[in-house]
Amino acid sequence: MKNLLVLIALLLLVLPNMAQDDMDPCVLDAPMEATELNFMGWAFPITEFFAAELEKCNEVDNLTVNVQLLDSASAEEQANLALAGGGDSPWAVLHTTPARMVVLSGFDALVPLNDLVEQYRDEYNLDDIPQPVWDAATIDGNIYGVPFMSNTMHLFYRSDIFEAHGLAVPTTYDEVIDACAVLAENEDSIDLPFTMNLHAGWAWEIEFMHFIRSYGGKFLNDETNMPTFNSDAGVAALTKMKEVVDGCMGAEGLTYSIDDSEIGMETGTLAFVHIWASRAANMDDPEKSDYVGIIGFAGSPAPNPDSGILGGSAWIDAYSIAKRSGVDHDLAFRAIMETFDYDGQVGGAAHGAVVRTSVAEAGHGGRNLPAMAVSLGQGVGGSSLNPAAALVSTALGNWLPLVGSGDVTPEEALNNAAEEYIAEATAQGYIDG
């Protein structure tokens, strides 16, 4: 049976890519002069696939495509360092998310794509991408990215371990903590029962967004931009996060990046995790996973059992065009569209949740899609596109990790983050002085 599962997984992974190699060349008019199109993003299964699709444009005369894939934190750091000062961009195309678009558009580093979207709407069937998906890439009426996938977080779990210990898949974080207690005492094959991504400040901020919204709170007052994350809801949310850390992860678990948690599931050192849905394809890749067909998927647990709002958010990933790269914006846009056309999205669907309606209607996609649908449909929604939210992220990222280490209480961390945010938001004009 295990060999059959491995064979099925291989076919699911290999056949779409074989079809792409035969059916989906990059068809662009060659630029008049030799041109380098540099791309920078971060690596997980679907982005690696689309990076290879973009590299097919090396077949075009006078065009060289250079792809750089880093981990997400390094990609964010490099982009901020290079673009914050308003200088030239070393990359023509950047992998972004809505939160990244807020930051980079604040640097005046991205091209508004509205005119290009209209110009090529019919040629590339851009109405095949639903309007709410475009809206997620739109700030103050400007489209700053071409969406290529949707994403959320949900549970990955070892079905064999859960069955062996008679554990139901948790639907709340209280149940996560209870399952951790059973596994920590009775399962010797694992290093840790459970992890969620808290290895960096920005990761704490994302999970805190899940928890506070489940408790009925939010980060900012929409009218005044004053902080509301240091409310009773915020304290309750951060207190629950600390309970998960203490009950499931400890100091070691706080060092686990997204990659570490993924590898822990693939190698059997973790029993269950809460990470990005985009990592699910690797669970059934026999070159990476020792547990093909054994790892199950479920919606995110609810931080607050009384609300029933699950701790998963709605995200898109996109390709954005840098304003000052020296590369013709029209050429960069058409290269993106050659990557994300129908055939490219069919191939990408083997690795993640793509955005073209026609691809989903044709039945393409991974076996974690039901879990994704639960997190997306019952979760907390998308991140705020208020430009002031970037300052909130920084302040929370500076203080929340200190709760995990026990250096401050949840209330102290949130009050200190609020004080830091107010000072910076006032200096930048988001709050009236």
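Colleague: How much space lies in the largest pocket?
Modeller: The model is a predicted one. Its largest pocket is lined by 49 residues. The space in this pocket is about 1,200 Å³.

Colleague: Which residues of the lining lie nearest the centre of the largest pocket?
Modeller: Several elements each supply at least two residues of the lining, among them helix H4 (98-106), helix H9 (201-214) and helix H16 (389-399). By class, the lining has 23 nonpolar, 16 polar and 10 charged residues. Those nearest the centre are Ala99, Arg100, Val103, Glu205 and Ser393.

Colleague: What is the volume of the largest cavity?
Modeller: The structure holds one cavity of 30 Å³ or more. The lining of the largest cavity divides into six nonpolar, two polar and two charged residues. The volume of this cavity is about 60 Å³.

Colleague: Which elements give two or more residues to the lining of the largest cavity?
Modeller: The largest cavity is lined by Met40, Trp42, Ala75, Glu76, Ala79, Leu94, His95, Thr96, Arg100 and Leu104. The elements giving two or more of its lining residues are E1, H3, strand E3 (93-96) and H4.

Colleague: Which backbone oxygen does the side chain of Asn38 reach?
Modeller: Asn38 lies in strand E1, residues 35-42. Beyond its neighbours within four places in sequence, Asn38 is in contact with Asn66, Pro90, Trp91, Ala92 and Val93. The side chain comes to 3.2 Å from a backbone oxygen, that of Pro90.

Colleague: With which residues is Leu113 in contact, leaving aside its neighbours within four places in sequence?
Modeller: Leu113 is one of the residues with the most contacts inside the largest nonpolar core. Leaving those sequence neighbours aside, the residues in contact with Leu113 are Ile143, Tyr144, Gly145, Val146, Ile321 and Phe333.

Colleague: How many residues of H12 are buried?
Modeller: The buried residues include Leu331, Phe333 and Ile336, and also Arg334 and Glu338. H12 is largely enclosed by the rest of the structure, because the buried residues number nine of the 11.

Colleague: Which residue caps the N-terminal end of H12?
Modeller: The cap is formed by a side-chain oxygen that lies 3.3 Å from the backbone nitrogen of Asp330. The residue that supplies this oxygen is Asp328.

Colleague: Is Leu28 buried or exposed?
Modeller: Leu28 lies in the loop between helix H1 (2-23) and E1. Not counting residues up to four places away in sequence, Leu28 touches Cys57, Val60, Leu63, Leu331, Arg334, Ala335 and Glu338. The C-alpha atoms of Leu28 and Val60 are separated by 6.7 Å, although the two residues are 32 apart along the chain. The relative accessibility of Leu28 is 11%, so Leu28 counts as buried.

Colleague: What is the relative accessibility of Met196?
Modeller: Met196 is found in strand E8, residues 192-196. Its contacts, leaving aside neighbours within four places in sequence, are Tyr173, Glu207, Phe211, Met241, Val244, Met249 and His274. Met196 counts as buried because its relative accessibility is 0%.

Colleague: Is Asp140 buried or exposed?
Modeller: Most residues other than glycine have a negative phi. Asp140 has a positive phi of about 50° although it is not a glycine. This residue lies in the loop between strand E4 (138-139) and strand E5 (142-143). With a relative accessible area of 73%, Asp140 is exposed.

Colleague: What is the relative accessible area of Asn62?
Modeller: Asn62 is in the loop between helix H2 (45-55) and strand E2 (63-70). Its phi is positive, near 70°, in a residue other than glycine. Asn62 is partly exposed, with a relative accessible area of 37%.

Key:
Residues are numbered from 1 along each chain as its sequence is written. This is a predicted model: local features need pLDDT of at least 70, side-chain atom pairs count only at pLDDT 80 or more; totals for chains, interfaces and linings use all residues. Side-chain values use heavy atoms; hydrogens and water are left out. On a 1 Å grid over the protein atoms alone, a cavity is a set of points where a 1.4 Å probe fits but cannot get out, and a pocket is an open set with protein on both sides within 12 Å along at least five of seven lines; lining residues have an atom within 4 Å of a point. Grid points are joined across faces, edges and corners, and a volume is the space filled by probe spheres set on the points. Helices (H or I, at least four residues) and strands (E, at least two) are DSSP runs, numbered from the N terminus. Ala, Val, Leu, Ile, Met, Phe, Trp, Tyr, Cys and Pro count as nonpolar, Asp, Glu, Lys and Arg as charged, and the others, Gly among them, as polar. A nonpolar core is a set of buried Ala, Val, Leu, Ile, Met, Phe, Trp, Tyr and Cys residues joined through side-chain atoms within 4.5 Å. Buried means under 20% relative accessible area, exposed over 50%, partly exposed in between (1.4 Å probe, protein chains only). Contact means heavy atoms within 4.5 Å. A polar contact is a pair of N or O atoms within 3.5 Å; within protein, one must be able to donate a hydrogen and the other to accept it, and residues adjacent in sequence count only if both atoms are side-chain atoms.
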